[in-house]
Amino acid sequence: MPLRVGEKDFQTRVNKGLDDAFMRGTVRSAQEQLRTRKQASSEELGDWEAWRSLGEEIRTHTLEHLDYYLEQLSDKVAERGGHVYFAKTAEEGNAYVRKVAREQEAKKIVKSKSMVTEEMSLNDALEEDGLEVVETDLGEYILQVDDHDPPSHIVAPSLHKNRAQIKDVFAEKKDYEDSDNANDITRFVRGELREEFLDADIGITGCNFAVAESGSISLVTNEGNADLVTALPKTQISVMSMERIVPTWEELDVMVSLLCRSAVGQKLTSYITTLTGPKGEEEIDGPEDFHLVIVDNGRSDILGTQFQSALHCIRCAACVNVCPVYRHVGGHAYGSIYNGPIGAVLTPLLDGYENNKDLPYASSLCAACTEACPVKIPLHEQLIAHRQIITEKEKLGSMPEKWAMKMFGTGVSAPKLYRLASKQAHRVMSPWTKGSRISNGPGPLKAWTNFRDLPAPASERFRDWFANRRRSEFDE
Amino acid sequence: MSRGTIQGREDFLNRIAEKIGRPRSEHVERPEWQVQPQWDVFAGENTEQLMERFKAQCDKIHTNVIETDVNGFREAVAETIGAYQADSVIMWDDVRLERAGLDDGFRSQMSALGVETKVWDTSKGEENIRLAERAGVGITYSDITLAESGTVVLLNSPEKGRLVNLLPENYIAVIPRSSLVPRMTQATRRVHERVQNGEEISSQIHFVSGPSNSADIEMSLVVGVHGPVRATYIILGDE
């Protein structure tokens, strides 16, 4: 599955989301549940703001010296007998994994959830070579069995599906005959996946954080699937995007603590697995052969720009869980595997503006995302910066919008014009006004009023009201 | 162990340095972080207080807790195996488990009750994996225990197989009271110190908090998607 997913047109995706009452219900309750749990568990940590500052400081330092820490990491992995491949592009990364699979004469690959391999379309590349690739995270497995339905949330990928739909998917594709009870479905999947694990030649994982000082990689899960992916097959390939690294084990503690609390409101997830190289010579379980693929794929172009701190993201989805726009349109509307506010920032950076120019507008700029971010990425400011680039440099903004921006700019910069326009506003807007609302506005207002009403300009301007009021106060 | 290969590094890292706008970083000192709130969590609490926190957290992560001493230990383990209605057990080849009472005598006692008890045996190779796959209960010993999150830290080694706590349907962790620390901060510092001293660390360090679970179906919690369905911690008082 590539970075960009689903319907091509933003408006179509948004309308689809708005029409899906079930999805909107689950998204709302998931947001509430995850947000409440996060709040409770972060309060227990004491000074949450101090934790966020520490998280930000660690991420800033690490990114500023990324070349140094990646060099240290790769040396340490090699010292322990692991192989490291630096991939500038998705194609290079895929080619390396395919080569390893060919050399091992592999037939079956089990995977634990990894966003960067999704971004690279690694599964497609491997399937082209005739390999069977099985996603083992329950949510990802459901989507894979359902003809590769795209994920709709960073942490809970199958959030948009209800139990009955999931049951039907398994009944149709895997001859599942039990009820739509979550426990029954899980039991069934446990049995199916056990066989896959025991059969697989290669395990592929992502990497939540690599530890430079020891050449370790860490995987944060609740299900324990990453543990089986890394303990059973003879060959393990971990794919990490280049920024997912911490200097030492002490920073691993901080980042994992922030991640678990922000993502699912847990102190720690059920499993946090750290792996250093292949298994030792005397060890029975664990991979004989360990490969680490470090992927750039457009990330280095973000370094040194005003968007550098977007690379601090630890993929916790805290911003997604507070976003009012995500709540209304759902994850598929973003058309990217990275959805919500961070998706709206990151997708145009990785994939260009041309196909993603609507995303920075899928935000109310309420700054809830910025406040929620455990590593203090100024998300709403970066969304504004994107909009500026889109309207000014890229000339990709829609005509009515450019026209409106220009008019607004001229209007507010000349006091006489502003006075005239605001005095006339009520009269000018009257054809579109019903009562005190505008629900079918003209020109630049149309995009807004397609979704919600706009209060009509008052018959008396604020300035006039204020002036009159002061006069009457003075009279008294 | 032979050294692994590194490919494509120089161009990749040069590009990073160039984009950041400076020459390659040759030596970087990790700074003293401005704030370090992680050390304040449960600072100054004694083992008793930490133990209370630990037990309260276990309740939240659906994990049974049994407290016992050396005299009651064997019985506690046997009762837990019985409660799980398991007829086979696999455990780490760990002298600490044996010393606590899970020795040959215990294994023959269990055998008389119809429970086959196996020890992870490096000389038997892959057979261990098949035994773990079939076993109803897996038993490991906690190297470090985290009060805050109800976590056992398992430092794997040839005798301490990775799959013992993963493949069986039920999991028992034996936890010495003395292994309790406030949180992950203390455990990761210990690993960091080993790395700084040039010592080799375990190829897998596993932080395990209760049974395997998922909320991928309508956000409702289900257990045992991949790993164990049920977990019991047996806290062993120090002698």
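**View 1. The buried side of H5(A).** In this predicted model, the buried residues of H5(A) are A:Ala90, A:Gly93, A:Asn94, A:Tyr96, A:Val97, A:Val100 and A:Ala101, where buried means under 20% relative accessible area, exposed over 50% and partly exposed in between (1.4 Å probe, protein chains only). Because they cover an arc of only 160 degrees around the axis, they lie on the same side of H5(A), the arc being that of the directions from the helix axis to the C-beta atoms. The face turned away from this buried side carries the exposed residues A:Glu91, A:Arg102 and A:Glu103. Helices (H or I, at least four residues) and strands (E, at least two) are DSSP runs, numbered from the N terminus. Residues are numbered from 1 along each chain as its sequence is written, and chains are lettered from A in the order in which they are written. Local features need pLDDT of at least 70, side-chain atom pairs count only at pLDDT 80 or more, and totals for chains, interfaces and linings use all residues, while side-chain values use heavy atoms, with hydrogens and water left out.

**View 2. The interface of chain B and chain A.** In contact with 111 residues of chain A are 96 residues of chain B, contact meaning heavy atoms within 4.5 Å. The two chains bury about 8,600 Å² between them, 57% of it on carbon and sulfur atoms; buried area is the accessible area (1.4 Å probe) that two parts lose on being put together, summed over both. B:Phe12, B:Met219 and B:His226 supply 10% of the area that chain B buries against chain A, more than any other three residues.

**View 3. Salt bridges between the chains.** Across the interface the rule finds 17 salt bridges, each a side-chain nitrogen of Lys or Arg within 4 Å of a carboxyl oxygen of Asp or Glu. B:Arg183 forms one with A:Asp253, the closest N and O atoms being 3.0 Å apart, and this pair crosses from the loop between strand S9 (180-181) and H7 of chain B to helix H12 of chain A. Both B:Arg183 and A:Asp253 are buried. The side chains of A:Glu250 and B:Arg30 also meet in a salt bridge (3.3 Å, N to O); A:Glu250 lies in helix H12 (residues 249-264) of chain A and B:Arg30 in the loop between H1 and H2 of chain B, so the pair joins two chains. At 13% relative accessibility A:Glu250 counts as buried, whereas B:Arg30, at 28%, counts as partly exposed.
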